[in-house]
Amino acid sequence: MRAFLGAILGALCLSLLSPASQAAPKASDLVQAELLTESRAIEPGKPFTVGVRLRMAEHWHTYWRNPGDSGLATEIDWTLPPGFEAGPIQWPTPSRIPVSHLVNYGYEDETTLLVEVTPPADLAPGKSVSMKALVRYLVCERECIPGEADLSATVPTAAAGQGGGAEPTSAYIFTAARASLPKPSPWKTSVSGEGERITLSVEAPGLKPDGIASAYFFPAGETALDHAAPQALTMRPDGFSLGLQRSNVASGPIPTELPGVLVIEEKLDGGTARQSFQIGTAPEPAKGSGAGALPPAATNAPPVDLGFGSVAWAAFFAFLGGLVLNLMPCVFPVLSIKVLSLVRHSGEGAASIRLAGLAYTAGVVVSFLALAGLLLAVRAGGAEIGWGFQLQSPALVVGLIFLLAAVGLSLSGVVEFGTGIAGRVGTLTTGSGASGSFLTGVLAALVATPCTAPFMGAAVGYALTAPPVVALSVFAALGLGLAAPFLVLTLWPALLARLPRPGPWMDTLKQVLAFPVYATVAWLLFVLAQQVGPGALFSTLLGLVLLGFGLWCWRLAAMRDGWGRRIGQSAAVASLAGLLAIGWSVAQERPPAAGQAAASQDGTEPFTQARLDQLRAEGRPVFVNMTAAWCITCLVNERTVLSTAAVKAKLGETGTVYLKGDWTNQNPEITRLLERHGRSGVPLYVLYPGQGEPVVLPQILTSSMVVDSLSALPAGVRRAEASIPSPAN
Amino acid sequence: MLNRRHALTAIAATTLFLAGPALAVGAQGPKIGAPAPSFSATNADGKPVSLADYKGKTVVLEWTNDECPFVRKHYEGKNMQALQKKWTGKDVVWLTIISSPPGEQGYADAAKANKLTADRSAAPTAVVLDPKGDVGRAFKAQVTPHMYIIKGDGTLAYMGGIDDKPSARIEDLKGAKNYVDVALQEIADGKAVSTPTSRPYGCTVKFTS
C-alpha cells in the first residue's frame, strides 16, 4: 500500500515538473480488484453470492450506478459456465464526493459490489467451475483514469445440501457489503414539483422533528436531479420532505416516481446512526438485506442554523417587537401618564429623572428575563416528562388553537381581558425614587402581557427551541424594546409634547392585529387536520364556536347585574367546560401511524415490568426490545434483523421470550428501564439470561450479532418447558 | 397559560421563518430554447472572442481537457476532428473551450493549445482559453467533453453528451448515436432538434476551486 502510494506521489511530482509528460499512475495501481465467492462450494440450482471487491488508493474513488455530475459507473462483464446466470449489481449506498462545485456519487477507500449467481439445476457435483469477471471502472481523484480488471475465481461444486455454508475467511467482507446496501423503505414517498423544483415527501408520521440530523437523496437516474444543489430538509407533522433541484437536462413533466437511495442520519442516545433506504423501484432492484454499521454517506447541513447571524436577527426583531408593544392600548396610556407624572412630581433635577428611567428599564428587563427563565424551566420539565414542545401532539395543537382564537377575539374587542388592571396601573402608588420606578417597570411588563401575544410569540417560540443563553438574550432585547421609549422620554422629557395622543387609533391598531392571530389559527387547523380524523377536526371547529359563545356570554355578564350576570357567567363557565371536554377527546386521537410500533406482532409480548420480573423469577431467558414508532433505527432493526427467520428460529430454539416495549407515548415503566441502563432514549435491546447479568446489545443490530448472543445463553436454562408458547410461532 | 398562548404564534412564526429560505434556493443553468449565456474570452491566437461575434450562425461549444480519457477516446478515435471538419465546412462555428486552470490536468496556454490543435489535426473555428472557468460556470459545464449547440438566433438548441455510449473505450464509437451530429443536421434542415438534452459524460471539468 505504502509503496504504491509512494509511486503515485512520485509520479505526481514528475508530472508537475514537466506538465507535458504522461507519468500518470496506472489504474491497476489505484484500484485493487478481487473476485470473492461467499460459499465454500456451489450446489445445483441454489443461488450464491459473489463479490467484486474494489480497494481504492487514498483519495481516489470509483462510482455508483449514477456517478453524479461526471464519472462512470463500474461495469462487470461475466463469463460464466453454461447454464449460469448472473444477476444485477447490488449497489452499496454511495457517498457524496464533491469536486469543486460539482458532486459525484461513489465509493472511496473500499467497496464490494455483490452479485447473485444462479447455477443450473443439473450441476454435476465434485468438480470445479471457473467464473470470469471483466470489471471496467473509472477511478478518479481530480483526474480520471479508466481501468479494467480481469478477475477469475474457481469454486468447487457439491451435491445439494453439501455446500458447507459460507467461506469463513471472506465472511466479514460479505457481511459488511450486505450491511451497506440500502434497506427497503418503511415509508410511502411521493414526488411533486413545479418547474425546476422537486419535492420528495416522505410519509413518516410521528417522527420527532429534532430526531433527524440530516437527510440526503441519491437519485438513481443520471438526469433526474441537479446533483450539486443543496437538499433542504423540512420536517412536517406527517413526516418530512426534501427540496430538490431538477436537472437542467431533464425534460417533460415532473416524474411521479423518483427512484434512488435516501440516507438519513438519526440522532440517538449514543451519537448518530446512518440508515439508507431504497426509494421507488430502481431498474435493477438491490436484493438481500441485513443491518449493521453503514458506510460513511453524505450529509448536508442541518436545516436549523443557530449561528450568530440568526441570533442577532432574532434579538433585533425582539427589540422591534418590544418597541411596538408600547403602542398597545394596555401600555401606551400608562406610558405617557407615568412619564408625565414623573416629570411633574419629581421636581428634582434631570439626574434623578434619568435614574428613574434606568430603574424602570431594569425592572422591565428583569421581568422579561424572569419570564424567559420560567419558560426554560417549563421546557426542561417538559423534556423530562417527554413533552417536547412540538406540534406533533394534537392536544398541544388544539390547546393552541383555542388560546389563540381567544386572543384574537380579545383583540377584536369581543371581550377584554386585563383592562381592569391596566387602568389601575396609572394610579398605582409604587413609591418614589429608583425602587419605585423599578417596580413600575415590573408592573408595566405584567400589564403589557394581555396585548403582547402577537409580538412576543416569535420570541417565545425561539426560547422554546433555542439554547438557553440565546433565549435569554432574545427576551432581554424584548424588554429593552418595551422600555426604550420610556427611557428616551426620561432622558429628553421635551419629546413628550411630540407623542401622539392616546385615542381611538389604538383600538383600531389592536383590532387589525387580530387578523394575523386568526391566520395562525387557520394554519394550526391545517396542521391538526393532518394529525387527526375529520371527526376530531369537526369537534375542534365546534369548540371554536363554543369559545366565541362563551366569551360573548362573559362580556354580557360583565355588563349586567343580578340574575343576568349570573346566567352569563354560568354559560361562560359551561362553555369552558365544553371546551376542555373537546380538547381532551381530540387529545385521545393519535396520529394514524403512531401505533405501528405497538407490540402486537406475532411472537412478541408487550413489555411490562411485572411480566419481566415474573419471567426472570421463572428463570426464563428474556429478550427485551424497547422501541417507538418515531425511531427509524428501531424500525430498521426490527425489519431487517429481529423479524428475520434466523433470529426467530434462534429465539424459539433457546426458549427466549421476546418482550417488546412501545415508548412512542412515554411509558414511565419503560423510561425507568432505559434509565437503569443509562439511556435516555430508544432503541434499547437487553438480553436477560435465565440466570446472571443482563447483556445490553448495541443500538445497531446485525442478525449474526443477535444470533450469537442468543447462542451464548447458558445451556442449562434453555427451553425448560414446552408449555410456554415459543416466540417463533 | 400566557406562555402557551405565545408558544403557538411563536411556533407558527418560527416555522414560516425557517421554511422561507428553503424556497428561495435555485441556481439556474442554461435552458433549452432560452438565450444562451453570453460570454467573452480570449482565443488561442490572443484575440478576443465572444458569442455575440457569431450572431446568425450556429455555434458549437466543446469543453475539452486533452488528458481526460473520455476526450482522448474521441480524439484518438478521430471522431471529434471528423465532426469539426464536417460542420465548420458547412459554416458552423466550432469553439473548443479549455476551462482547466494552471496546474490542473488539461490546462493549456495559447502555445500549447495551438500545438494540440496541430498535433491532433483538429479543426475548430477557435480554441477559447477559460483558465478562470467563467465560461464553464456560465454554461454549467460539468464534464469533458460537454457539448452545447447555440442556434443563429442565440438560443440554446442542445446540451449534453457527445453521444449515447458513455465510456472511455474507442471501440464504443462504433454504433454510437452522435447527438451533436444529429442535432446539427436537424438545425441545418430547419427542423426541431429531436434530442435537445442528454446525459453529459466524461471527466469533471477541472474548475479552479
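Why is strand 16 (residues 239–245) of chain A largely enclosed by the rest of the structure? Of the 7 residues in strand 16 of chain A, 6 are buried, so the strand is largely enclosed. The legends below describe close-up views of a predicted model.

**View 1. Strand 16 of chain A and the strands paired with it.** Strand 13 (residues 197–203) of chain A runs antiparallel to strand 16 of chain A, and 7 bridges join the two. Within this pairing, Ile198(A) has Leu244(A) of strand 16 as its bridge partner. Strand 15 (residues 232–236) of chain A is also antiparallel to strand 16 of chain A, with 5 bridges between them. Here Ser241(A) of strand 16 is the residue opposite Thr234(A). The link between strand 15 and strand 16 of chain A is a hairpin of 2 residues.

**View 2. Open sheet 11-18-17-14 of chain A.** The sheet has 4 strands in the order 11-18-17-14, and its pairing is mixed. Strand 11 (183–184) and strand 14 (212–219) of chain A are the edge strands, each pairing on one side only. Strand 11 of chain A runs parallel to strand 18 (residues 271–279) of chain A, and 2 bridges join them. Lys183(A) has Phe277(A) in strand 18 of chain A as its bridge partner.

**View 3. Open sheet 19-21-20-22-23 of chain A.** This sheet is built from 5 strands of chain A in the order 19-21-20-22-23, with mixed pairing. Strand 19 (605–606) and strand 23 (695–697) of chain A each have a single partner strand, so each has one side without a neighbour in the sheet. Strand 22 (residues 684–688) of chain A pairs with strand 23 of chain A over 3 bridges, in the antiparallel sense. Tyr685(A) is placed opposite Leu697(A) of strand 23. Strands of a sheet pair through backbone hydrogen bonds, in either a parallel or an antiparallel sense.

**View 4. Helix 17 and helix 19 of chain A.** Two packed helices are described by the angle and the distance between their axes. For helix 17 (residues 645–654) and helix 19 (residues 703–711) of chain A, the axes come within 9 Å and cross at roughly 5°. Helix 17 and helix 19 of chain A are therefore roughly parallel to each other, the cut-off for that term being an angle under 35 degrees. Helix 17 of chain A contributes Ala646(A), Val647(A), Lys650(A), Leu651(A) and Thr654(A), which meet Ser703(A), Val706(A), Val707(A), Leu710(A) and Ser711(A) of helix 19 of chain A. Sorted by class, the residues in this contact are 6 nonpolar, 3 polar and 1 charged.

**View 5. Helix 3 of chain A.** Phe174(A), Ala176(A), Ala177(A), Arg178(A) and Ala179(A) are the buried residues of helix 3 (residues 171–179) of chain A. These buried residues pack against strand 2 (48–56) and strand 8 (110–118) of chain A.

**View 6. Val573(A) in helix 14 of chain A.** Val573(A) lies in helix 14 (residues 562–587) of chain A. Val573(A) has 14 other C-beta atoms within 10 Å and is partly exposed. Trp554(A) is 19 residues away from Val573(A) along the chain, and their C-alpha atoms are separated by 8.6 Å.

**View 7. Strand 3 of chain B.** In strand 3 (residues 59–63) of chain B, 5 of 5 residues are buried. In a regular strand the side chains alternate between the two faces of the sheet. Both faces of strand 3 of chain B are covered: Val59(B), Leu61(B) and Trp63(B) are buried on one side, and Val60(B) and Glu62(B) on the other. Strand 4 (residues 93–98) of chain B runs parallel to strand 3 of chain B, and 5 bridges join them. Glu62(B) has Thr96(B) in strand 4 of chain B as its bridge partner. Strand 7 (residues 147–150) of chain B is antiparallel to strand 3 of chain B, with 4 bridges between them. In that pairing, Val59(B) is bridged to Ile150(B) of strand 7. Chain B contains 6 helices and 9 strands, and 47% of its 209 residues count as buried.

**View 8. Confidence along chain A.** Chain A has a mean pLDDT of 77, and 76% of its residues reach 70 or more. The confidence in chain A is highest in strand 2, at 95, and lowest in helix 1 (residues 2–17), at a mean of 44. Residues 418–430 of chain A have pLDDT below 50, and this stretch has 17 contacts in the model beyond near neighbours in sequence. Residues 716–729 of chain A also stay under 50, with 26 contacts beyond four places in sequence.

Methods:
Residues are numbered from 1 along each chain as its sequence is written. Chains are lettered from A and ligands numbered from 1 in the order in which they are written. This is a predicted model: local features need pLDDT of at least 70, side-chain atom pairs count only at pLDDT 80 or more; totals for chains, interfaces and linings use all residues. A residue is buried if 20 or more other C-beta atoms lie within 10 Å of its own, exposed if 12 or fewer, and partly exposed in between; C-beta atoms are placed from the backbone. Two residues are in contact if their C-beta atoms, placed from the backbone, lie within 7 Å. Axes are lines fitted to C-alpha atoms, for helices over the stretch in contact, and angles run from 0 to 180 degrees between N-to-C directions. Angles under 35 degrees count as roughly parallel, over 145 as roughly antiparallel, 65 to 115 as roughly perpendicular and the rest as oblique. Ala, Val, Leu, Ile, Met, Phe, Trp, Tyr, Cys and Pro count as nonpolar, Asp, Glu, Lys and Arg as charged, and the others, Gly among them, as polar. Two strands pair if DSSP finds at least two bridges between them. pLDDT is the predictor's confidence in each residue, from 0 to 100.
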